[in-house]
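My entries follow in the order I made them.

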Amino acid sequence: MSIQTINPATESQIAQYQIITDAELKTKVAKSRETFSKWKTDPKKRAMFLHLLSEQLRKNKDSLAKIATQEMGKTIKESAAEVEKCAWVMEFYGDNGETFLNSEVINTDARKSYIAFEPLGLIASIMPWNFPYWQALRFAAPSLMAGNTILLKPASVTMNCGLQIEQMFLKAGFPEGVFQTLVSDSKMAEKLIDSDINAVTFTGSNIAGSKVAQRATSQIKKCVLELGGSDPFIVCSDADVDKASTGAVKGRFINCGQSCIASKRFFVTKNIAKEFIEQFVQKTEKLVVGDPMSDSTDIGPLVNADGLARIEAMVKDATSKGAQVLTGGKRLGSKGYFYTPTVLGGISPDMAVANEEVFGPVAPVTIVEDEQEAIKLANQSQYGLGASIWTKNLDKADKMSALVESGIVSVNNVVISDPRIPFGGVKHSGFGRELSRYGMMEFVNIKSVRYYDQLVQHHRVE
């Protein structure tokens, strides 16, 4: 069996890859386990390797960016920025990882007590296509620094990106088996979970994530899920409309709208709705759609024909139920999976754009009476990944941040991932965290150790 990759801007075939066999998977798992026994022993050496990888990523940034743009269609400037961010996350854990892993001394009735943080072992990483470098490496950096080894199953549509990541590790001098990429499909992913691994991390849809969790936990294997999002973008009555409308364009249309933390549902208080919508539409219409390899392009194609069809169907569903197309709303050109950046008004709760994750360049805008209604509608979602709130009143922002049901809140800015803060959601957006020290702690054994001089006789309960 083989995997074929397609350029979404031209619809031409890029390459074809042969899926690994069961025997090859077993060999790779065994290699990772063998390497783990040495890799886990020296955190200073691991930190050094992470810095070397950071250097390789920057050195090869242009070529890596070109591959990502060709495989999944994001603009070349976004691809280059993604590689740069990957270099940063390696630096961050190279600089801070050893400190994060320091044992914590605790006072107890024992002579000496401490908490140690030890690696779990071999982690399976099942990753999507929309940020093919960043999503793989934002997990890999803390996990590798903790002393784990990794087997990556990349998305089929960005297979070369996944293979290039492994090449960067080898160029940086990492021992073979620390990080390996598998040319595989969903069936092989199931076999990977069933193999001799210790834990699984998955980023993708909530439907696929539930299957991963079920399979992993049935075998008592730890898993972290970073799933979909339908992030609310709340524009309060006292918001700076110019800044909010600029943020709306940035938050909705990054990566052609194909981001789990993209702003997806827009709630605007009625007193400033007209002004906000006018500016949002005007700024959206200035976006340049076209060849993603051009530095002047803002919006490239959707990842594939299925992604384009889903967006067309969602807009059709909305308009059939009374939504107004304020700008965009159509496919562009006869070649490639291009869709115009779209803003919809007149949104009602029965529309798919109000309930489902909109993974493309479509922004549904709902006018609300006040902030209370905005929070109510924002929380009426199966998702709870991120949220952004726009207001000049920070006391109001504090209160609203506490009320919104999400793992991340950003005030007067769009939601972004950052190595310094934990990343993850609630409800159907998953569980567990990536990034920061909390992300590192997901894949370690938190071991309690106590030293006694003699047996304590008075314990009555275990």
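**Entry 1**

Buried here means under 20% relative accessible area, exposed means over 50%, and partly exposed is in between (1.4 Å probe, protein chains only). I noted the general rule that in a regular strand the side chains alternate between the two faces of the sheet.

For the record, this is a predicted model: local features need pLDDT of at least 70, side-chain atom pairs count only at pLDDT 80 or more, and totals for chains, interfaces and linings use all residues. Residues are numbered from 1 along each chain as its sequence is written, and side-chain values use heavy atoms, with hydrogens and water left out.

Helices (H or I, at least four residues) and strands (E, at least two) are DSSP runs, numbered from the N terminus. Two strands pair if DSSP finds at least two bridges between them.

I then looked up the partners of S15. Strand S12 (residues 324–327) runs antiparallel to S15 and is joined to it by 3 bridges. Thr327 has Val343 in S15 as its bridge partner. With strand S16 (residues 362–368), S15 pairs in the parallel sense, over 3 bridges. In that pairing Leu344 stands opposite Pro364.

**Entry 2: strand S16**

Why is S16 largely enclosed by the rest of the structure? I found that 6 of its 7 residues are buried, so S16 is largely enclosed. Strand S11 (residues 263–269) runs parallel to S16, with 4 bridges between them. Phe266 has Val365 in S16 as its bridge partner.

**Entry 3: the open sheet**

I also traced an open sheet of 6 strands, in the order S7-S6-S5-S8-S9-S21, with mixed pairing. Its edge strands are S7 (179–181) and S21 (430–431), each of which pairs on one side only. S7 runs parallel to strand S6 (residues 149–153), and 3 bridges join the two. Leu151 has Gln180 in S7 as its bridge partner.

**Entry 4: cysteines**

How many disulfides does the structure hold? I counted 0, taking a disulfide as a pair of cysteine sulfur atoms within 2.5 Å. The closest cysteine sulfur to that of Cys86 is in Cys161, and at 10 Å it is too far for a bond. Cys223 is in no disulfide either, and the nearest cysteine sulfur, that of Cys260, is 17 Å away.

**Entry 5: domains**

The protein is divided into domain 1 (2–227 + 425–449) and domain 2 (231–411); such bounds come from an automatic or database domain assignment. The C-alpha centres of domain 1 and domain 2 lie 30 Å apart. I found 29 residues of domain 1 in contact (heavy atoms within 4.5 Å) with 34 residues of domain 2.

Between them the two domains bury about 2,500 Å², 55% of it on carbon and sulfur atoms. On the domain 1 side, Glu11, Trp129 and Lys427 lose the most area to domain 2, together 20% of what that side buries. Buried area is the accessible area (1.4 Å probe) that two parts lose on being put together, summed over both.

I compared this with the UniProt record, an unreviewed entry, which places the feature "domain: Aldehyde dehydrogenase" at residues 3–449. UniProt positions are given in the numbering used here, feature names are shortened, and annotations may be inferred rather than shown by experiment. The span 3–449 is 43% helix and 21% strand, and its end C-alpha atoms lie 48 Å apart.

**Entry 6: two single residues**

Is Thr297 buried or exposed? I read a relative accessible area of 3%, so Thr297 is buried. Thr297 is found in the loop between helix H10 (270–285) and helix H11 (305–320). Not counting residues up to four places away in sequence, Thr297 touches Thr75, Lys77, Val288, Val289, Gly290, Asp291 and Pro292.

Asn271 has its place in helix H10. At 51% relative accessibility, Asn271 counts as exposed. Last, I noted that Asn271 and Asp185 are 86 residues apart in sequence and 51 Å apart in space, C-alpha to C-alpha.
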